[in-house]
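Please examine the sequence and the model below before reading on.

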Amino acid sequence: MGLITGNFLERKIHSLTGIIPIGVFLLEHLITNSFALKGPEYYNQKIEAFQQIPFLVPIEILLIAIPLAFHTILGLYYVYLSKNNVLQYKYFRNYMFYLQRITAIITFLFVLYHAYTARIARAAAGIEISYEFMNGILSQPLFFIIYLVGLLAAVFHFSNGIYTFAISWGITLGPRSQKILQNVCTALFFIMSGVGTIELIALAG
Amino acid sequence: MPDSIHLKIKRQNGSRDLPRWEEFKVPYKPNMNVLSVLMEIRKNPVNVNGEKTTPVVWDCSCLEEVCGACTMVINGNVRQACSALIDKLPQPITLQPLSKFPVVRDLKVDRAVLFEHLKKVKAWVNIDGTFDLGPGPRVPERERRWMYEISRCMTCGCCYEACPNFNSRSKFIGPAPLAQVLRFNKHPIGAMTQEERMETIMGEGGITDCGNAQNCIEACPKKIPLTTAIAQLNRDTTIHGIRSWFRK
Amino acid sequence: MKVIVIGGGLAGLLSVIKAAEAGAEVEAFSLVPFKRSHSLCAQGGINAALNTKGENDSIQQHFEDTIVGGDFLANQTPVKGLVEAAPGLIYAFDRMGVMFNRTPEGFIDLRLFGGVKNRRTAFAGATTGQQLLYALDEQVRKWIAAGKVKEYIGWEFLSAVIDDEGICRGITAQDLNSMEIHAFRADAVILATGGEGMIYGKSTNSVICTGSAAGAVYQQGVPFANGEFVQFHPTAMPGDDKLRLMSEASRGEGGRIWTYKDGKPWYFLEEWYPAYGNLVPRDIASRAIYKVCVEMGLGIDGKNQVYLDLTHKDPEFLEVRLGGIMEIYRNFYGEDPVKVPMKIFPAPHYFMGGMYVDWNHMTNIPGLFAAGECDYMYHGANRLGANSLLSAAYSGYICGPNAIKYIKGMQKSAADTPQSIFDRELARQTEITQSIYNMDGTENPYIIHEEMGETMITDVGVVRYEKNLLRADEKLQELTERYKNIGINDTGRWANDVMPFVRQLWNMLQLARVITLGAYNRKESRGSHYMPDYPERNDDQWLKTTKAYWTESGPRFEYEDVDVSLLKPRARKYD
């Protein structure tokens with residue numbers, strides 16, 4: 001059932017935005033935050049370089065905020081449309097389908113919190129993002145756990161999303177190609193989760 | 001070996017009636033299936049408490065898993081009752097009607113919507129008439145084989161029952177008709193009207209409502225390659241969508 | 001022009017399509033959604049002399065095989081029409097998208113079947129009936145979507161509405177959910193209600209094949225022809241609830257029948273019938289298996305069963321050409337026929353007899369037609385494998401246009417028939433229904449049905465002794481008496497299953513006597529009808545069609561000469 005356009009186009013855009021730009025943005029986070037492994041100065045230096053991108057705010061709104069809002073609002077509606085039945089039909093893909101929806105909600109809540117604290121409130125208060133700022137949050141165990149859960153949810157949602165994206169766009173057709181991609185996505189989940197966790201530990205100091 | 005078969009059946013007099021559970025014990029015989037047990041009950045409709053009751057109402061026709069009529073939820077899983085062999089089921093055996101369709105009575109449900117969906121997607125080859133026009137198109141055997149796989153769909157409703165995206169909140173037309181669309185789109189004569197089918201499944205409740213839970217292929221008693229068909233249609237509709245957008 | 005068609009199988013749906021194509025308004029009634037009709041249980045294929053295998057097959061050869069297979073009891077002129085139309089019918093199905101197996105060149109592939117020496121059977125795996133039925137179901141859906149055909153699913157035919165001139169003006173039918181009975185007007189009514197396997201209790205038929213509709217109009221004056229000719233399919237899987245068919249195609253593709261004799265495999269069909277081997281016609285194969293098991297006591301494990309062996313064939317070959325039955329055997333028996341031979345025994349399968357119709361498929365009641373297994377037309381005393389899908393399709397194919405032709409020649413239409421005619425029949429049916437609801441005796445209808453089936457299968461089965469036939473008729477009369485003492489366990493007025501079954505049971509009992517007494521009267525052996533007391537075919541006296549008329553005290557029989565204008569009767573030999 002379509003929320004805006006009837007059906008096809010909005011679903012396709014929803015599927016696409018999950019990978020580009022949102023998935024790309026997630027990867028960007030993992031890359032940027034990996035600089036923390038080389039020490040606070042190096043991290044701060046790189047982050048500052050990013051802040052220098054011209055037209056940052058319009059770019060953030062056009063390429064991040066709008067696609068993210070689109071993907072989120074429609075996605076939540078799609079979550080509402082499903083009636084899960086994992087207790088009855090205990091198939092692997094059915095669990096993945098269920099987890100995709102669970103992680104959607106977790107990621108949504110986490111991104112709300114994260115975007116507010118790390119971007120909106122910070123900018124409003126005129127604070128520059130820095131190692132010290134992140135360290136201030138992540139050194140508290142509770143917030144570290146919140147970030148860890150958010151990371152795992154987002155990474156799961158992304159890597160499983162690649163699997164479904166490939167079907168939704170008719171890339172992987174048969175069971176064999178789908179199985180191979182399934183394995184690739186599983187590997188991707190573990191790699192990204194691992195890298196992300198190491199980065200969080202580094203930022204937590 | 002048990003000396004009796006213990007059944008728990010969800011019974012309901014009509015769609016507005018409240019369901020209740022009734023239990024039965026039927027003397028064990030080897031090689032029985034769920035339907036033959038139900039047939040035993042109607043020869044002596046007495047429940048486990050020794051009370052006389054009405055015979056259980058259910059749908060069935062062929063008893064060899066080709067007609068799809070006797071589909072119900074057995075021990076929590078959707079399947080045909082005729083091929084549900086008692087010797088392979090843990091007891092007590094629970095029988096429930098399909099949950100996604102209106103209950104008529106007891107285990108009998110109204111699955112008319114399945115056929116409505118086939119109508120909606122124009123699941124047929126649009127021939128001019130049944131008169132003799134000579135042989136039809138030649139078809140490579142390899143092509144025929146997978147089209148035949150899809151054309152074995154008996155519209156039983158298993159894939160609908162298992163699909164999390166087919167429910168009262170959504171308008172999804174379900175997995176089975178999508179596979180039929182592919183089958184008719186690839187048939188040499190059916191392909192002549194493929195745009196109509198394509199436009200339909202690109203509309204409300206169409207192919208993009210599939211959430212890739214892939215329960216359909218697990219639940220399908222005929223192991224019809226539903227997920228491959230859906231993925232193929234995803235590709236076809238995307239290409240069709242892009243093409244027709246540029247044509248405008 | 002308004003046409004009512006009863007039955008959603010091959011014959012019914014083709015009648016619907018042909019009538020709709022001719023511009024009639026059609027109402028199609030069916031007990032079950034069309035897709036669940038019994039035609040889908042046909043497995044092996046459909047015959048047509050396409051002659052694409054370089055075997056010099058011809059329409060004439062198809063004709064002769066059919067007539068000889070039917071032991072000369074089929075009227076030859078209609079059979080000629082059948083075999084001539086066969087190739088065109090296959091091509092029409094082909095255009096509808098039926099997934100017939102193909103040759104490497106993409107042509108329709110053909111395989112061998114029983115009682116013939118040429119490959120003549122087009123097939124779609126081992127679910128040919130299903131594929132043909134689905135194709136017609138799809139075409140009818142197209143007509144429904146276009147608003148030209150109206151479907152009544154879950155309705156049961158109760159009776160024909162016959163006016164004072166004896167002309168059929170419509171039907172009465174019951175909605176099996178609301179249990180309401182209605183009368184419907186029509187200029188022509190086509191019954192395509194299939195066979196009556198349920199009379200034998202367990203058979204290869206679907207449970208909806210009660211023959212109740214035929215039994216109803218039989219009691220309204222339509223003669224039932226050749227009832228005694230019941231085909232036993234040699235290869236069915238014995239079962240508790242159903243005898244599941246293992247297609248003749250399994251033998252056509254090389255399957256061999258055997259049992260142990262003196263500790264060694266004995267291929268008795270190949271030994272007894274060297275010319276046709278495992279591919280002798282069904283009546284002959286059934287009798288041979290019966291003889292080996294019942295008379296010689298050589299069944300596997302001492303039971304009434306022999307092996308149908310495909311284990312010497314390539315597994316992929318079997319999957320592509322016989323997948324459907326492999327699956328049934330695996331699902332219901334738990335053994336893989338690729339590795340282990342299947343255990344089989346003959347089972348009631350097809351009724352050559354049926355409502356008596358003229359060559360236009362009209363019964364003796366003007367406006368009432370019959371097509372498909374419920375008529376008696378094409379198979380004589382025994383039907384050849386893969387001719388049933390053909391005759392079902394063909395009879396529907398010509399019945400539709402014949403009904404239209406009849407309507408065009410009518411004096412006055414059903415619309416001009418006074419309402420009182422319909423009200424009268426409606427009142428009669430309502431009363432019958434009410435009397436069933438009121439039954440509060442001690443007999444269970446399902447037990448009466450079970451006993452009827454047991455009687456029919458033991459006494460009116462593959463081998464029929466005179467004294468057993470008499471015993472069977474006595475039993476049937478006893479059951480008819482006990483019928484009156486039925487206690488109906490469900491008096492609900494919503495989706496009540498018992499009430500219609502009790503009505504069907506009555507109609508089945510009527511036809512069971514037609515079969516039994518018809519068999520008793522026919523003092524010869526011909527096709528499926530085998531009487532050890534009279535082991536030879538007797539053309540002088542019995543080259544005749546049986547016509548049974550209903551009377552209060554039981555069937556009254558008349559006999560009519562068979563049309564043998566095209567092929568002179570000769571001895572039927574397969575050895």
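How far apart do the closest C-alpha atoms of chain A and chain C lie? The distance is 20 Å, and no contact joins these two chains. The model discussed here is predicted.

**Contacts between chains**

There are two pairs of chains in contact, and of these chains B and C share the most contacts. The contact between them takes 59 residues from chain B and 55 residues from chain C. On the side of chain B that touches chain C, the elements that give two or more residues are helix H1 (34–43), strand E6 (103–105), helix H2 (112–120) and helix H3 (141–151) of chain B.

Chain B also meets chain A, in a contact that takes 28 residues from chain A and 30 residues from chain B. On the chain A side, at least two residues each are supplied by helix H1 (8–34), helix H3 (56–81), helix H4 (92–125) and helix H6 (141–168) of chain A.

The table sets out the residue classes on one side of each contact.

| Side | Nonpolar | Polar | Charged |
|---|---|---|---|
| Chain B, touching chain C | 28 nonpolar residues | 18 polar residues | 13 charged residues |
| Chain A, touching chain B | eleven nonpolar residues | 13 polar residues | four charged residues |

**The two domains of chain C**

The domain assignment divides out domain 1 (232–349) and domain 2 (420–543) in chain C. The C-alpha centres of domain 1 of chain C and domain 2 of chain C are 30 Å apart. Where the domains meet, seven residues of domain 1 of chain C are in contact with seven residues of domain 2 of chain C.

Which elements give two or more residues to the side of domain 1 of chain C that touches domain 2 of chain C? They are helix H8 (282–295) and strand E17 (342–351) of chain C. Of the elements on this side, H8(C) gives the most, with four residues. By class, this side of domain 1 of chain C has four nonpolar, one polar and two charged residues.

**Helix H10 of chain C**

Helix H10 of chain C covers residues 388–408, which is 21 residues. At 1.5 Å a residue, H10(C) should span 30 Å, and this agrees with its end C-alpha atoms, which are 30 Å apart. Is H10(C) largely enclosed or largely open, and why? Because 17 of its 21 residues are buried, H10(C) is largely enclosed by the rest of the structure.

Terms used:
Residues are numbered from 1 along each chain as its sequence is written. Chains are lettered from A and ligands numbered from 1 in the order in which they are written. This is a predicted model: local features need pLDDT of at least 70, side-chain atom pairs count only at pLDDT 80 or more; totals for chains, interfaces and linings use all residues. Domain bounds come from an automatic or database domain assignment. Ala, Val, Leu, Ile, Met, Phe, Trp, Tyr, Cys and Pro count as nonpolar, Asp, Glu, Lys and Arg as charged, and the others, Gly among them, as polar. The expected span of a helix is 1.5 Å times one less than its number of residues. A residue is buried if 20 or more other C-beta atoms lie within 10 Å of its own, exposed if 12 or fewer, and partly exposed in between; C-beta atoms are placed from the backbone.
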